[in-house]
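Let's take a friendly walk through a protein model, looking at its aromatic rings and one of its helices. Have a look at the structure, then read on.

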Amino acid sequence: MEAMLGKIAGELGKAGRVLFITGAGVSADSGLPTYRGVGGLYNDGETEDGLSIEDALSGECLAIRPEITWKYLAQIEHNCHEVEPNAAHRAIAALEQQCDVVVLTQNIDGLHVKAGSSRVIEIHGTLEERYCAHCEMEADASDRTVPPRCARCGEIVRPRVVLFGEMLPGAALDGLYREQRQGFDMVFVVGTTAVFPYIADPVMRAVRADIPTVEINPARTHLSDMVRYYVPERAALALPKIVELARELKSKRGA
Ligand SMILES: [Zn+2]
């Protein structure tokens with residue numbers, strides 16, 4: 001394991017532009033139950049309202065029974081406010097001192113931004129922002145009323161997150177494509193099962209282009225056999241080591 005981390009750090013030390021794709025596993029190291037069902041808040045897959053969590057957190061439910069969607073959104077928000085960025089978030093943010101870093105995250109908890117990463121594509125949106133779909137007014141994300149209402153028109157507001165059954169935000173996708181066109185020297189995929197094409201594609205492109213790829217995840221995924229380095233470890237343990245090793249190698253080379 002240590003030898004592999006050393007090799008990864010060696011490649012990272014030479015990289016100018018690095019993409020980190022992160023998922024629920026990174027947030028889990030902060031103690032956050034995962035949003036999409038695996039473990040945590042909705043273990044049995046069904047809410048006390050008799051709906052699956054997917055149905056309760058769907059765009060359709062928000063439209064017809066917003067009080068139900070908001071009941072669960074409020075629980076998720078509460079959990080997100082309880083937690084802080086962990087060593088993995090901080091290591092990714094600190095890497096900006098060594099090279100260009102782009103973060104593509106599925107997480108809606110805002111922890112990468114909170115840790116100080118400056119280029120974060122939140123592909124599923126963020127709970128840190130809300131707006132009124134009726135009059136487009138930005139809404140106060142710290143309002144704890146359930147369901148929260150628009151200060152201007154009184155309609156129920158929504159968080160700027162992608163609910164089940166909704167499209168990905170165009171601006172986030174455009175941001176991803178723009179970054180992709182500039183290319184990357186190295187791609188990390190961390191704590192995600194990578195089942196969505198927009199998560200797996202950047203990894204597959206890098207594999208095909210023979211760009212170094214690293215997967216960090218305690219459990220194997222369909223990407224594990226394809227990446228150059230598969231690290232079966234928690235992100236909060238592996239990433240700080242890799243980033244620190246890369247920094248040491250770089251300063252040795254510079255000396
Ligand atoms: Zn409004």
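## Ring pairs and a helix

Phenylalanine 196 counts as partly exposed, because its relative accessibility is 24%, and the cut-off for buried is under 20%. Keep in mind that this is a predicted model. Tyrosine 198 has a relative accessibility of 15%, so this residue counts as buried.

How many aromatic pairs does the structure hold? There are 2 aromatic pairs. A pair of aromatic rings is described by the distance of the centres and the angle of the planes. Planes under 30 degrees apart count as stacked, and here are the values for each pair:

| Pair | Distance of centres | Angle of planes | Class |
|---|---|---|---|
| Phenylalanine 20 and phenylalanine 188 | 4.5 Å | 10° | stacked |
| Phenylalanine 196 and tyrosine 198 | 5.3 Å | 15° | stacked |

Where do phenylalanine 20 and phenylalanine 188 lie? Phenylalanine 20 is in strand β1 (residues 17-22) and phenylalanine 188 is in strand β7 (residues 186-190), so their pair ties together parts that are 168 residues apart in sequence. Both phenylalanine 20 and phenylalanine 188 are buried.

Strands β1 and β7 also turn up when we look at helix α1, whose buried residues pack against β1, β7, β8 (213-216), β9 (229-231) and α10 (235-254). Among the buried residues of α1 are Leu5, Ile8, Ala9 and Leu12. Helix α1 (residues 2-14) has 13 residues, so at 1.5 Å a residue it should span 18 Å.

Terms used:
Residues numbered from 1 in each chain as written. Predicted model: local features only at pLDDT ≥ 70, side-chain atom pairs only at ≥ 80, totals over all residues. Heavy atoms only, no water. Phe/Tyr/Trp six-rings, centres within 6.5 Å; stacked < 30°, edge-to-face > 60°. Helix = DSSP H or I, 4+ residues; strand = E, 2+ residues; numbered from the N terminus. Buried < 20%, exposed > 50% of the residue type's maximum accessible area, 1.4 Å probe, protein only. Expected span 1.5 Å × (residues − 1). Contact = heavy atoms within 4.5 Å.
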